[in-house]
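Please look over the sequence and the structure shown below before reading the briefing, which sets out selected local features by topic.

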Amino acid sequence: MGGSDGARPGLAEIGFVATEPAHQGRGVGTALLRHLLAQPGYREYVLEDIKDTNEPALGLYAKLGFSVYKRRKVRFARRAGFRELVSMKLVQDPASQPTAGF
């Protein structure tokens, strides 16, 4: 797959976030993403190409502060059960970043 076109220092692209169905709704995805967002060295995070019908994921990302920055229509998407792909972004305030040693 490779990195995204906008790859640069301080930017993390998070892909393929999933929780086993038996464990969904128990905070596993939230805990995983909060852990990733607390890693030093990153300030901006992107999630690319989320199906617009994946409401639980879109809701979780929005709850954590991500906002939609791009919507992309996909040819024949309706046949696959969705309308468009949504991309979301979060830019953290440097003051909210964890400090090493604390």
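**A charge over a ring**

Lys 89 lies over the face of Tyr 69, at 4.8 Å from the ring centre, where a charge sits over a ring if NZ of Lys or CZ of Arg is within 6 Å of the ring centre and within 35 degrees of the ring normal. The model is a predicted one, in which local features need pLDDT of at least 70 and side-chain atom pairs count only at pLDDT 80 or more, while totals for chains, interfaces and linings use all residues. Residues are numbered from 1 along each chain as its sequence is written, and side-chain values use heavy atoms, with hydrogens and water left out.

**Aromatic pairs**

- Rings of Phe, Tyr and Trp (its six-membered ring) pair if their centres lie within 6.5 Å, with planes under 30 degrees apart counted as stacked, over 60 as edge-to-face and the rest as tilted; by this rule the count comes to 2 aromatic pairs.
- The rings of Tyr 42 and Tyr 45 have their centres 6.5 Å apart and their planes at 45°, so the pair is tilted.
- Tyr 45 counts as buried at 1% relative accessibility, whereas Tyr 42, at 35%, counts as partly exposed (buried means under 20% relative accessible area, exposed over 50% and partly exposed in between, with a 1.4 Å probe and protein chains only).

**Helix α1 and its buried face**

- The residues Gly 29, Thr 30, Leu 33 and Leu 37 are buried in α1, helices (H or I, at least four residues) and strands (E, at least two) being DSSP runs numbered from the N terminus.
- Seen down the axis of α1, its buried residues fall within an arc of 100°, so they line one face of the helix; the arc is that of the directions from the helix axis to the C-beta atoms.
- The cover over the buried residues of α1 includes β1, β2, α2 and β4 (84-91), where contact means heavy atoms within 4.5 Å.

**Ala 57 in helix α2**

- Ala 57 lies in helix α2, which spans residues 55-63, and is buried, with a relative accessible area of 12%.
- Although Ala 57 and Ala 18 are 39 residues apart in sequence, they are 8.9 Å apart in space, C-alpha to C-alpha.

**Positive phi values**

- Phe 16, in the loop between β1 (11-14) and α1 (28-37), has a phi near 60°, a positive value in a residue other than glycine, and is exposed, with a relative accessible area of 74%.
- Asp 49, found in strand β2 (residues 44-51), has a positive phi near 55° and counts as partly exposed at 37% relative accessibility.
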